[in-house]
Amino acid sequence: MRQKKFPQPPRWADSFITWRLSEQTSEEVIGDLHELFSEWVEKYGTRHARMLYIFHALGFLWPLPRMLKRGRNAYPNDHSTPFISTNMFFNNFKIAFRNLLRNWSYAVMNITGLSVGIASCLLIFLVIEFETSFDTFHAKRDRIYRVVTQYNTPDGEVYSSGAPTPVTETMRNDFPQLENAGAIFGGHGGLVIIPDQTGKAAAKKFDEGERVFFADPQFFQIFDFKWLAGDPKTALNEPYTGVLTRETAERYFGDWKRAVGKTIKQNNSREIKITGVLDDVPVNSDFPLKVVMSSATLKGGSGAYLTNWENTNGGAHSYIVLPPNVSPASINAALPAFVRKYKPAAYANQGFQLQPLRDIHFDKRFGNFNGRTFSRELITALWLIGIFLLVIACVNFINLATAQAVNRSKEVGVRKVLGSSRKQLLMQFFGETALITFCALLLALGIAAVALPFLSKLLAVQLTFTLDSKVLLFLSGVFVSVTLISGAYPAIVLSGFNPIIALKSKVAQKIGGGISLRRALVVLQFCIAQILMIGMLVVVTQMAYFKNTDLGFDKDAIVAINVPYDSLSKTKYQYLQNQLLAQPGIKDISYSFATPADNGGWSSDFKFDHSTKTTDWEATLKWADTAYFKLFNLQFVAGRPYFNSDTVREFVVNETLVKKLGFSKPQDIIGKELNFWDGKKVAPVVGVIKDFHANSLRDPIPPMVMGALKDVYHTLSIKIQPKRVTETLAYIEKAWTQAFPDNVYEHHFLDERIANFYKQETQLSILYKIFAVIAIFISCLGLYGLVSFMTVQRNKEVGIRKVLGASVRSIVYLFSKEFTLLIAIAFVIAAPVAYYFMHQWLANFTFRIPLSWTLFALAGLSSVVVAWLAVGYKAVKAAITNPVNSIRTQ
Amino acid sequence: MGEFEELVLLTVAIMNAEGYGATILHEIETRTKRSIQLSAVHVALYRLEEKGLVRSNVGGATKERGGRRKRLFTITPSGIRILKEIRNLREQLWNLIPKPI
C-alpha cells in the first residue's frame, strides 16, 4: 500500500534557521522544530502546525547571543565531538588509500596516465620558461631596441639584423632624445694567439669562432653584463684594448685575475691589451661574448670600416635605449628621412626599423648572435600540446572513475543512510582524486627529472630543474586544475546516487547517461592523439625529404677547412694545393669563399648587357676557383666553366638567373656581360650551371653568379677517398699547419654541416614523435581500463551469448566494434584539423612534400591497430571465460 | 537570573538529563500554560550553560527530527546549588511575612 506522504514544515523556515544560526545550533533547533511539528500536526492539523512552525522559527530573528549565530562552531563547554572533525579526514584518507590498493590496477593506470601527462606539461613549461628568459636580466630591457634593416624588393622582403656601421654614432648625434646608443660588431676573426711572455714556449692558439666582438663602451651601459675586473666606464675607450669573459681569461692565463694588463693577438694582426674581465655570460643570453675589443680599434686599419654606409653586415648590430617618455614609433617615423640623408641614393630604399630587445630571441627574420631563434608559434604549439596531453590524461581519469562508479555504489548508499550529506560525499571523492593526483604529481617529478638531461641534449639547451617559486606555482596550478577537472564529474555522479537504488544494486541501470559521455571522451582522446600522429608523420616525412633531396651538388666525402686570408697566407695556397693533391687519398681541391650550401654570402644587384639601369633584384654571388665545379659536380646546361684566374675575367650563372633575365634558352645568355658595382667587376657569361640549392630547402633557389676572386677565398674544400679517411685527414692537418703555423686548424664534413641546417626541425620531429607516442599511450591506457571494466560489467551478457552459441571471434568483434567506430569518428574530426595546421606549417618551406592522403590513412590505421592491441588481450580473455562462472552468481 | 531562566533551569532538573529544546519547551508550556517561543528556551539554555549551571552533550537522532541530533542538558552541581539558594531565599522571605496572611 502506498504510504501517504507525511506533511512537511515549510522549507524556507529551515533555510532561514540555517542561515541565521551556527551549523550545530541550527541542526538542533531544526530537529526540535520538526519534532514539535509532528506533534502539532496531530493536535491541530497541518495548516495550524505550519503556522506554529513559522512562529517559532521567526523567534530566532531577534538578536541572539553570539555563540548561537552563524559562523560559530564552538559551543561552550561542549563535550561532544565537533561537527567537522580531523578524525573524519583521516578516516576518509584511510578509506581512499584502501580503495586504491583494492583496485590496484585501475589506480596504477590512472596514476601512470596522469603522471605522464603532468610530466610532459612540466617539461614543456621548463623549456618555454628557459626560452622566454633570454636577456631578461638587463634592467633597461623594455627600452632597448636594435636598429635593423628591412626593405622590399620584387623578390620579397629582405631582412638584416645589422645596420651600416656608422649608424650608431650618427644616431647619437642626430637623435638627441635617445638615452644611449651603442654598437657591437660580431663575426670577426676568431683566431686568438697568446704570445708567450717568457719567449721560451710556443704561443697558445685558440679559435673562438664567432665569439669575438668589437663594441662601443656604451654597449656595456645599455646591457647589464657583470664586470669582475676593470672599469666599465673606461675599459673600452682606447683602441687596441679589450676585455675577456672569465672562462676565456682562465683558458688563456690560468687565473682570470692575472688577465688585466696582458696582451693577446687577434686575427694574427691586432695586438690587444686586456683592460677588464667580464663574468661569464649566462646561458640564456643572445650575446655569447668571449672576447670583446673596443670599437675604437677599428678606426685605424684598412677600408674605412666605420664609415661605410653602403654595406650592411648582419653582424654589425646597433642598439639604442629610449627614455621612458619617447616612443619607438616616433623614432621609426623619423628613420626614413634619416636613411635618405645618409645612404647613397642607390640604396635609399633600404629602410631601418627599431626591433625591441624582447623580440630578438624570437624573430627568425633577423636572428641574433647565437644563430638560433625560437619561434613564438612554436611556443604556442608546445603549450597546446602540453595542455592536450593533460586533457587526455584527465579524460582518462574521468572515464575510469565513472566506470568504476558502479563498484562504489553500495558504499555511497550506506554512507548516505548513515547521514552523510551530499557535500560531504563530494569532498570525499574530490579528496580521493586529490590523493591520486598528488601521487601522480610526485611520479611526474621523478619522470621529469630523469627525462630532463635527454631533453636538454635533444634541444641543445641547458635546462635546469630547480623547485623555484615559478615551478612550484605552476605545479600547484596543475595540481588544482587537474583535480578539479578530473574529479568534478565522477564526484558529482558518485555522490548523486539514490541510496535506495544503490543498495538494491540497481545502479548499473542508472548510469545510462554516463555511457554517452564516456564515448564522447574516448573520441576526444583519440582525436587529439590522431592529430598529433598526423602532425608527426608530416613533419617526419618532410624532414626525410630534406635529408634525401638531391641538393644539386655532391656533398659526400667532402671536407671543408677554413684557410686564413691575409695576403701572406694567400701566397701559400698554390703550394698547399700541390701538396694535398700529391696525397693518394685526395681526389680534388678547390678554394672558394664558401661551400655551395653555406647560407651566408654576398649578394648584389648589377647591370646586365650594357644596360644603364641596375636590376631591381639581387643575385647571390659565389666566388670560387674553377676546380669548384668539378669538385662539387655542378652540371652545365650551356657553355663551360671559366678559366682559372685570380680576379674575375668570366662569369658563370645558374638557370634561375637566366630565367629571371627573361631568356628561355640558357644558350642565349652566353657572351652577355654582367657589370657589378659600376664597373668594378665586369665580365661576360661563359657558362650556365644547373640550379643547386644554395640555401636551405626552406627558401627558393636564388639567382646566382659565380666568378673567381682569390682575394676573398677563405674556404678550402677537399674531396677525399672514402677509404682510409683518418689517414687522409691527418695528412691534411699536417700539411695545413705547416703552411699556416700561426693559425688554428679546424675542419668539418660538408654533409654534417648541411644536416645541421635543419637541426631545429630535426629536434622538433623527434619531439613530435615522442608526443604522439605519449598521446597514443595515454589514450590506449584509458581504453584498456575501460575495456577491462566493461568486460567485467558485461560478463553475464558474454556468458549468455556463449551459451547461445557465439564464437570467440564474434565476442571479440562485439567489443572491438564499438571502439573502432569511436576511433573512426575521432579520425573524421581529427583529419581536417590536422590538415589545416600542417598545410600552414608546410607553407613555410618552398620545397615541400605534398599533403597526401597516405599520411592520414597511416595515422588512422595505426591508431586503430594500436587500440586493438591494447584492447585485444582483455577482449579475448573475456571471450574465453567459462560462461558457467559468470552466470552462476546472482 | 531571570524568572524565565529559573523556570528553564528547574525544568532541566525535572527532566533528569533527558531534557532538550523541544521537550523542555513542551514541559514549560504544559505546566505554566504560557505560550513560549522555542528561541527563548534555546537562548535561556545557552545562557545557563555559559554560567555553568547546566551541562550539555549531543545525543541521538530520531526519525521525527529528520535524522538530526539533539542537545541534551543536565543540571550541574552548581546549578542545583543555585536552585537551592533561590528556594531558601524564597522560604526565608515567606517566613518573615506576619502570621495572619
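A: Start with burial: a residue is buried under 20% relative accessible area, exposed over 50%, and partly exposed in between (1.4 Å probe, protein chains only). This is a predicted model, in which local features need pLDDT of at least 70, side-chain atom pairs count only at pLDDT 80 or more, and totals for chains, interfaces and linings use all residues. Residues are numbered from 1 along each chain as its sequence is written, chains are lettered from A and ligands numbered from 1 in the order in which they are written, and side-chain values use heavy atoms, with hydrogens and water left out.

Now the pairs. Side chains of opposite charge can pair when their charged atoms come close. The rule for a salt bridge is a side-chain nitrogen of Lys or Arg within 4 Å of a carboxyl oxygen of Asp or Glu. Over all chains, the structure holds 23 of them.

Take A:Asp363 and A:Arg365. They form a salt bridge, and their closest N and O atoms are 2.9 Å apart. A:Asp363 counts as buried, because its relative accessibility is 15%. A:Arg365 has 42%, so it counts as partly exposed.

Next, A:Lys290 and A:Glu208. This salt bridge has its closest N and O atoms 4.0 Å apart. A:Lys290 sits in the loop between β10 (270–278) and β11 (291–294) of chain A, while A:Glu208 sits in the loop between β5 (204–207) and β6 (212–215), so the pair ties together parts that are 82 residues apart in sequence. Helices (H or I, at least four residues) and strands (E, at least two) are DSSP runs, numbered from the N terminus. A:Glu208 has a relative accessible area of 5%, so it is buried.

A:Asp279 forms a salt bridge with A:Arg246, with 3.1 Å between the closest N and O atoms. A:Asp279 is buried because its relative accessible area is 18%. A:Arg246 is at 27%, so it is partly exposed.

Salt bridges also cross between the chains. The rule finds two at the interface of chain B and chain A. In one of them, A:Glu28 pairs with B:Arg71, the closest N and O atoms being 2.6 Å apart. On the chain B side, α2 (21–32), α3 (38–50), β1 (54–61) and β2 (69–75) each supply at least two of the residues that touch chain A. The largest share, seven residues, comes from α3(B). That side of chain B divides into nine nonpolar, eight polar and eight charged residues. Here Ala, Val, Leu, Ile, Met, Phe, Trp, Tyr, Cys and Pro count as nonpolar, Asp, Glu, Lys and Arg as charged, and the others, Gly among them, as polar.

What about the whole interface? Contact means heavy atoms within 4.5 Å. On that basis, 25 residues of chain B and 30 residues of chain A take part. The buried area is about 2,600 Å², and carbon and sulfur atoms give 55% of it. Buried area is the accessible area (1.4 Å probe) that two parts lose on being put together, summed over both. Nine residue pairs, both at pLDDT 80 or more, are in polar contact between the chains. A polar contact is a pair of N or O atoms within 3.5 Å; within protein, one must be able to donate a hydrogen and the other to accept it, and residues adjacent in sequence count only if both atoms are side-chain atoms.

A:Ser318, in strand β12 (residues 316–321), makes a side-chain polar contact of 2.9 Å with the side chain of A:Thr168. A:Ser318 is buried, because its relative accessible area is 2%.

Chain A has 26 helices and 25 strands. Of its 890 residues, 50% count as buried. The predictor gives the complex an ipTM of 0.90 and a pTM of 0.70. Chain B averages a pLDDT of 89, with 99% of the residues at 70 or above. pLDDT is the predictor's confidence in each residue, from 0 to 100. Where pLDDT is low, the predicted coordinates should not be read in detail.
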